[in-house]
Amino acid sequence: MKIQALYDLQQETNRLFIAGSKFSKGDPRIQKFIPVFNKLGEKAPVFKKIASDLEELLDADIQQSAEKLTAISTLLYSVLYTQGETVEADVEEKIQQPTVDINNVNTNHSYMQLKPVIEALTVSSSGRLEVLKDAFERKIFEDSRTFHYLVLALGDKYSELADYVEKTVIPFIGKPVVSFLIQNFTFEDRAENVRRLRLLNKLKYEKLQETVDKIMSLSCPNLQAEAVNILSDNIANEQLIIELADDKNKQVREAAYQALAKMNTRNSLEKLKDVYIKNKNKTSLPAIACALASTRLPFFFPEVFNQIIRTLDEFVSLEKDADNKQFIDKFNKLSIEIGILANKNNEQIIEFFDKIFNGKKFSEILSSRKNASSYNIDSLTDAISASLDSFDNEKVLNFYTHSRLEMPDAAWKEVFCRKFLHKASENGYSKEKIYDLFAPAFDKKIIHAGDLHFLLSGNQLCQRWIPKIYEIFKGNIKWDYRFDCALEIIDACEPDRCEKFDELMVYLTGKINPTEAIVLYKLMIKRKLPDCFETIYLMASKVRTGSYYYYHKLHESDLWKSFPKDYAPKFKELSEQTNMELFNIIVEKIQSAE
Amino acid sequence: MNITQKTIEELATNAKAAQNGRDLVGKNKFSNLRISADKTLIWGECAGSGKAPYLCSADYVDECNPMLRCNCPSMQRPCKHVLGLLYAYEKGNVFTTAEISEDIISKRGKIEQRQQKKNQEKEQIREKTVSPKAVNKNTLVKKIDAQLSGIEIADKIMKNIVQQGLSSIDAKVFQTLREQSKELGNYYIAGIQNAFNNLWLELENVKNEEYTAVIDQINYISALLRKSTEYLQKRRENPDMPPEISSAIEEQTGTVWKLTELMQLGLWEENAEILQLSFNCYDNQARREYVDEGVWLNLKSGKIYKTKNYRPYRAAKYIKSDNSEFNILQIKELFIYPGDINPRIRWENGTEKSRRPDRNDLEKIQTFAAENYAETVKTVKNSIKNPLTDKRPVILLSLHSSYIAGDHSVIKDRHGNKLTVCDMEKSEVSAETQLKSILPADARGLSLLAMVNNDVKTGLFSVYPLSLITSEKIIRLLY
């Protein structure tokens, strides 16, 4: 039984330790314990000893007080150490229910194996994701002791790490983690809990419905959005989700749109169609469009499609002098709604795009606005591309062939021109046909040498391109990768001995920044240009730090290995003169060549 | 050559070194990998930052004591290059057979010579245990005098603190006290100095005027000063008296035991079999070092021991850390330090053999588990009431059943005695939560290795779970 007087005396001696034993003489709060301990001393002599020590403390002068106080305290703590109760009083008792079968517990990994992994899951430092990936390969997550930490890592600030744990590690472990996911699940509206909920669904937690019901009764939109997604797996929840599409909370509402599309039933799509057509809230349009885009719309396609046509008509009917805001709003709305046409594969859509591509009005209105930012254009072209991707190649090629992609007033079509080029290549168009189709676009600078370069690998580059490519080196040159591609195209198409190309290369040595000339150097060596090594050495000697990209490429390049060994001392000298590490690396590369 | 991920990690100084070695294999840094015809030696080249690659080798001519070599300048041994070489072998990289170089052959010869010399020294130690070297009384008395002078200074510091009160210790006083306690290092009383360092740490950790831990430490120091004074005075009067081995007073004062001394005092066991039941590594800020602590069971006596590997902060990178050990170690000479419930043990590295524990071993462990908690609690309380003993001994308990009381699990023995299972510190992931998730209500056939925590503030005598032992396996809740 707990002797309360001991704990009370402990408080008082502690007080004296804090205040100082110099205040102990005649302390009345200590005084009152003497009769108590004398009384207790009748049963056990140790209490009598405490009482007499207390008396001595009260009588002690300042010099002796410290010794007396520590003597009492030591004795008191010794007695207290014999006193502890082994169970707490007045607490609720419950049955112990393990959440993991003891037979499935694995703790076979050592401290050295576990410690770095647990640190990576709990402490912020660099390279944590790599440690986890390595641990995953070594199957360290089979050890049950990692489970709890993995669940904690779902709330890690570094979202890539949390994603990896959620999408790769925990699904690999499976069911045994479920109990840890439920433990301390607080129904707080945090990303960590959303991840837990998603995993509980993935791992088929038996009581998930109860959890979801509770979430839906609370005000936690992030969790509710995930719960709506879970509910949509069951057709019985159709009506509930239809109702949630009108929820006050935006996140819940938008999750419901996605869920309606996922259910893909007549009723769910009818609701989604209604929400779209009657939508007054502009901020929800992207979510509605995204949901509509994810379904093939087996029902209500005509209604949805007509609405998109109306939006296009509204846009093209804009007055030329309509104010800018009105223009941007209508254009954005159109871009978003065109996104709905993804995954539909309906002939009417091709006709609709034809109207956009070949309709003079649409191009006119776009080109009349210089301020239609590239971002807005990109959203439109992305939406059209996503929709076209759902059609078979023949239809798409047919569509592109009849579209006036090379119209000079339609710069927004450049991206489609490149897509067309790739589609044509994929479908085995002959090199001549490719040239005939795309040469006009090349002339108008809608596509460039960089876009043509990939044709080399499939031998789809017609010789007729070469004169056009030589042309681009005329006039002022601001070097970029397109010129590198052009050189490689000429190299691939011209014979081994080609005076014109050799002349071009010599001409370029005086034109290009030596840091950017890696491709030129390689081709000079490959084509054995006279004095190529000396020319390159002289160019390289002018290298000073340039853009990181080119400088790094110069470091990495293996072209130095083909240099004669007698250039090593020359570069060494350059290194000493300029103190640049680059030249040391070049020396090493020249020397390491076999 | 038994080269597995586990054996490589055991050889590595720390987990980071092992990881770095593994990374080198991942980056394909090794070339010219070779193996001797008798498969006792592997070697190869590892590309480093310099022009020439590092040459590393692993010699397994003595399987228990592999010799790892590398010509890199790293202070850390074994370095990441040679660990990488082992990983390359473990991973199945191709090693072509080649002749062992003259250099390695001569090194092997030297090792053999060293081993012979070591064996001779051991024999000499054995002889010394039979006829111990006479103690130089004058030197001993001089040392004791110095120790007593140091203790006198320590006593003054302590009395001053108690007299003036803990609340009077502001930053300036605290700094002065720290400086004064540094002086104690000159008097062969490192143990007492560490006790003061612990006191300063406890003072720094005080929150909300909660001084119980500080006062507990003051009690410890006061008792230590009193007991060590009495003990040293006795030894001064009678220098022929052997050192006390029934308690840890020598070590608590500052003695660092040598294995020869332990042997001379008879504190060793021949052909012992021990099994590690739990392992942990903690940061001892007072001593400014990491401590790798293993809890071991003597399979003959059922006694629970501890191993402690101290790694000072400043050299932690270069000192090999201990690791979890899952096999039973068969040790020729097991040295046991003076102590109370869980004495510290040591053995010479490389002298042990190991075997996997089988069902019989696990059943044997169960037989050592305490079946009557009331008796165990009484024994523990009797021990910890001594201010100088370890307040948190480790015990092995046989379980009968369990239930939840409040926030904690409670375990029951077959007589109905109960014990609360509780973490030392509150944390989200802990041994207690791990145990709760696996412990069944009917716990018959299970044993729990646990650390006692008698909290004098709350009055709760609880146990902190370390490992759960079933008839099939040892479930480690820590490492």
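In this predicted model, five strands of chain B form an open sheet in the order 4-3-2-1-5, and their pairing is mixed. Strand 4 (67-70) and strand 5 (96-98) of chain B stand at the edges with a single partner strand each, so one side of each has no neighbour in the sheet. On average, neighbouring strands of this sheet are turned by 25° against each other, direction ignored.

Within the sheet, strand 1 (residues 30-36) and strand 2 (residues 41-46) of chain B pair in the antiparallel sense over four bridges. Opposite Ser31(B) stands Glu45(B) in strand 2 of chain B. Helix 3 (residues 80-91) of chain B lies across strand 1, strand 2, strand 3 (54-59) and strand 4 of chain B. The helix runs at about 60° to strand 3 of chain B.

**A covered strand and other pairings**

Strand 12 (residues 394-398) of chain B is mostly covered, with five of its five residues buried. In a regular strand the side chains alternate between the two faces of the sheet. For strand 12 of chain B, one side carries Val394(B), Leu396(B) and Ser398(B), the other carries Ile395(B) and Leu397(B), and all of these are buried. The partner of strand 12 of chain B is strand 16 (residues 447-455) of chain B, in which Ala450(B) stands opposite Ile395(B).

One pairing joins the two chains: strand 1 (residues 93-95) of chain A with strand 13 (residues 401-405) of chain B. Here Glu93(A) stands opposite Ala405(B). The pairings described in this report are listed below.

| Strand | Partner strand | Sense | Bridges |
|---|---|---|---|
| Strand 1 (residues 30-36) of chain B | Strand 2 (residues 41-46) of chain B | antiparallel | four bridges |
| Strand 12 of chain B | Strand 16 (residues 447-455) of chain B | antiparallel | five bridges |
| Strand 1 (residues 93-95) of chain A | Strand 13 (residues 401-405) of chain B | antiparallel | three bridges |

**Contact between the chains**

In the contact between the two chains, 61 residues of chain B meet 53 residues of chain A. Helix 8 (residues 212-237) of chain B gives the most to the chain B side, with seven residues. That side of chain B has 29 nonpolar, 21 polar and 11 charged residues.

**Domains**

The domain assignment of chain A gives domain 1 (4-81), domain 2 (106-237) and domain 3 (238-293). The centres of domain 2 and domain 3 of chain A, taken over C-alpha atoms, are separated by 29 Å. Their contact takes 10 residues from domain 2 of chain A and 13 residues from domain 3 of chain A. On the domain 2 side of this contact in chain A there are five nonpolar, five polar and no charged residues.

Chain B is divided into domain 1 (5-100), domain 2 (137-237), domain 3 (257-357) and domain 4 (367-476). The C-alpha centres of domain 2 and domain 4 of chain B lie 33 Å apart. Six residues from domain 2 of chain B and four residues from domain 4 of chain B take part in their contact. The side of domain 2 of chain B that touches domain 4 of chain B has three nonpolar, two polar and one charged residues.

**Two helices of chain A with a buried face**

An α-helix has 3.6 residues a turn, so residues three or four places apart point the same way. In helix 12 (residues 208-217) of chain A, the buried residues are Thr211(A), Val212(A) and Ile215(A). Seen down the axis of helix 12 of chain A, these residues fall within an arc of 95°, so they line one face of the helix. The face turned away from this buried side carries the exposed residues Gln209(A), Glu210(A), Asp213(A) and Ser217(A). Helix 11 (191-202) and helix 13 (221-231) of chain A are among the elements that cover the buried residues of helix 12 of chain A.

In helix 31 (residues 532-540) of chain A, the residues Cys532(A), Ile536(A) and Ala540(A) are buried. Their arc, seen down the axis of helix 31 of chain A, is within 65°, so they too line one face of the helix. Glu534(A) and Leu538(A) are exposed on the other side of helix 31 of chain A. The cover over the buried residues of helix 31 of chain A includes helix 30 (518-526) of chain A.

**One residue of chain B**

Asn298(B) is found in strand 7 (residues 289-298) of chain B. This residue counts as partly exposed because 18 other C-beta atoms lie within 10 Å. Leaving aside neighbours within four places in sequence, Asn298(B) is in contact with Ala272(B), Ile274(B), Lys303(B) and Tyr305(B). Asn298(B) and Gln276(B) are 22 residues apart along the chain, and their C-alpha atoms are separated by 9.1 Å.

Methods
Residues are numbered from 1 along each chain as its sequence is written. Chains are lettered from A and ligands numbered from 1 in the order in which they are written. This is a predicted model: local features need pLDDT of at least 70, side-chain atom pairs count only at pLDDT 80 or more; totals for chains, interfaces and linings use all residues. Two strands pair if DSSP finds at least two bridges between them. Axes are lines fitted to C-alpha atoms, for helices over the stretch in contact, and angles run from 0 to 180 degrees between N-to-C directions. Two residues are in contact if their C-beta atoms, placed from the backbone, lie within 7 Å. Domain bounds come from an automatic or database domain assignment. Ala, Val, Leu, Ile, Met, Phe, Trp, Tyr, Cys and Pro count as nonpolar, Asp, Glu, Lys and Arg as charged, and the others, Gly among them, as polar. A residue is buried if 20 or more other C-beta atoms lie within 10 Å of its own, exposed if 12 or fewer, and partly exposed in between; C-beta atoms are placed from the backbone. The arc is that of the directions from the helix axis to the C-beta atoms.
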